[in-house]
Amino acid sequence: MSLRRVEPDTFKLILLRAQEVDMGQYVCNVSAWLPDRQGGVAKLAEHLSAPLSVSWTPKRPSMGVVAERQREASGGGATFEMSCTVAPKNLPGAGFSVLVQSQESIEGAVRTIMNLSPDNVLHYGGATDPQRRDSLMLTKSGRLEFRFRLAGVQLADRGFYWCDVHAWTKPADGGAGGTWTEATSAESNKVRIDFQENGPSFAVAIQSDRSSVFPWETAKMECALSVSGSAPKSDDVAYEVSWFFSRLRGGSAPALLAAVDRYGVVRGGAGGRNTSSDVSVERRDANTFLLRVHGTQDSDSGEYHCSATPWYLSASTGAWTQAQELTSPAVFLTVRFAVWESLKLPLLYGSMASLGVGIFSLVLGLLCAHCCCRNTLHTPRSRNKLMDLEMD
């Protein structure tokens with residue numbers, strides 16, 4: 001308040017930053033004074049003015065807050081985004097603080113996720129996991145709009161979310177140290193996060209490059225896995241793959257040939273196979289595994305199949321989850337005994353050897369007949385000459 005003399009006989013009362021408590025009746029009490037003979041002053045008269053009623057229609061500060069879903073989290077690992085718009089009334093120059101709160105159910109305990117002060121300083125609530133702070137965001141996106149974002153939602157994040165907004169004002173003259181004074185507050189409507197965890201679906205198939213091989217050849221069989229539904233990232237899925245073998249004859253249970261765990265460690269099995277052939281397992285890509293049977297023998301003929309156990313990083317829980325074991329159909333491998341292939345070289349070598357021996361024997365016989373078996377004692381008698389005299 002201030003009281004001023006604007007003229008010698010006129011006074012003015014000024015009331016600054018009037019509040020509701022200042023409404024009422026105001027009266028002026030006027031006293032007249034004159035100097036006396038002793039050098040002092042003496043009151044001559046005192047009058048009260050007629051009361052003046054001072055009142056106005058109060059303009060109380062108020063506001064409304066509306067929360068709207070901007071991005072809906074339809075599954076684990078998705079991003080939820082909510083905006084809160086403030087509609088203030090009679091709050092000139094006010095600042096706002098926003099608390100994002102949640103509860104699992106309507107009657108559940110209220111948790112404070114994070115809050116933003118009027119000076120735009122961000123604080124995390126006690127219900128926030130320190131390891132997930134990078135997934136949370138609360139910003140002032142407009143003069144009267146705030147946005148809250150939760151990335152990678154999990155099953156524990158399901159529930160109701162809303163904004164608790166407080167309006168703050170500062171003295172116009174900078175009094176009270178320029179600190180914020182709360183004027184009013186309001187809560188928004190509640191936005192719900194609700195989804196069902198339907199994890200990814202897996203399937204397995206097996207195929208062989210050939211259904212029959214010859215002895216000592218290499219057989220290849222491929223075990224391919226596929227993912228459908230809410231497929232995780234390639235780095236968030238792993239498989240345990242095992243290969244089994246059973247003979248066509250004997251009716252024994254399938255025996256483990258080889259297996260690779262989800263960490264990529266390969267281990268072999270007894271398998272009941274022969275000792276001259278070997279197997280190897282190769283991971284060709286994220287979802288394909290290859291089995292090689294080296295140096296096949298007749299005992300490798302039989303039925304082959306693979307089984308796989310998928311592991312995936314659940315976006316809803318943040319933990320590795322084991323899926324149901326899958327078993328592929330069976331493929332048959334036949335190791336054929338090639339009769340012609342087996343006899344071709346021996347017959348060729350035998351024929352060449354026989355021909356060579358025959359030619360050598362013929363040449364040797366001719367040489368012996370020509371050189372070693374000639375009769376030198378008998379001289380044929382000439383028919384054209386006269387007989388010796390002694391014979392006459």
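This is a predicted model: local features need pLDDT of at least 70, side-chain atom pairs count only at pLDDT 80 or more; totals for chains, interfaces and linings use all residues.
Residues are numbered from 1 along each chain as its sequence is written, and side-chain values use heavy atoms, with hydrogens and water left out.

Let me begin with the disulfides. If we take a disulfide as a pair of cysteine sulfur atoms within 2.5 Å, the count comes to two. One of them joins cysteine 84 to cysteine 163, with an S to S distance of 1.8 Å, and it links distant parts of the chain, since cysteine 84 sits in strand β8 and cysteine 163 in strand β14 (residues 159-169), 79 residues apart. Strands here are DSSP runs of E with at least two residues, numbered from the N terminus, just as helices are runs of H or I with at least four. The torsion about this S-S bond is about 75°, so the link of cysteine 84 and cysteine 163 is right-handed.

The other disulfide joins cysteine 223 to cysteine 306 at 2.1 Å from S to S, and this pair too links distant parts of the chain, with cysteine 223 in strand β19 and cysteine 306 in strand β25, 83 residues apart. With 70° about its S-S bond, this link is right-handed. Counting bonded cysteines along the chain, the pattern is 1-2, 3-4.

Are these cysteines buried or exposed? Buried means under 20% relative accessible area, exposed means over 50%, and partly exposed lies in between, with a 1.4 Å probe and protein chains only. Cysteine 84 and cysteine 163 are both buried, cysteine 223 counts as buried because its relative accessibility is 0%, and cysteine 306 is buried, also at 0%. Cysteine 368, at 35%, counts as partly exposed.

Now to the strands around these links, where two strands pair if DSSP finds at least two bridges between them. Strand β8 (residues 80-89), which holds cysteine 84, pairs with β13 in the antiparallel sense over six bridges, and threonine 85 stands opposite glutamate 145 of β13. Strand β12 (residues 136-140) also pairs antiparallel with β13, over five bridges, and a hairpin of four residues joins β12 to β13. Strand β13 itself (residues 145-150) has a covered face of Phe146, Phe148 and Leu150 and an uncovered one of Glu145, Arg147 and Arg149.

In the loop between β24 and β25 lies serine 301, which is buried at 12% and whose side chain reaches the backbone nitrogen of valine 335 at 2.8 Å.

I will finish with leucine 257, which has its place in strand β21 (residues 255-260) and counts as buried because its relative accessibility is 3%.

How values were computed: A polar contact is a pair of N or O atoms within 3.5 Å; within protein, one must be able to donate a hydrogen and the other to accept it, and residues adjacent in sequence count only if both atoms are side-chain atoms.
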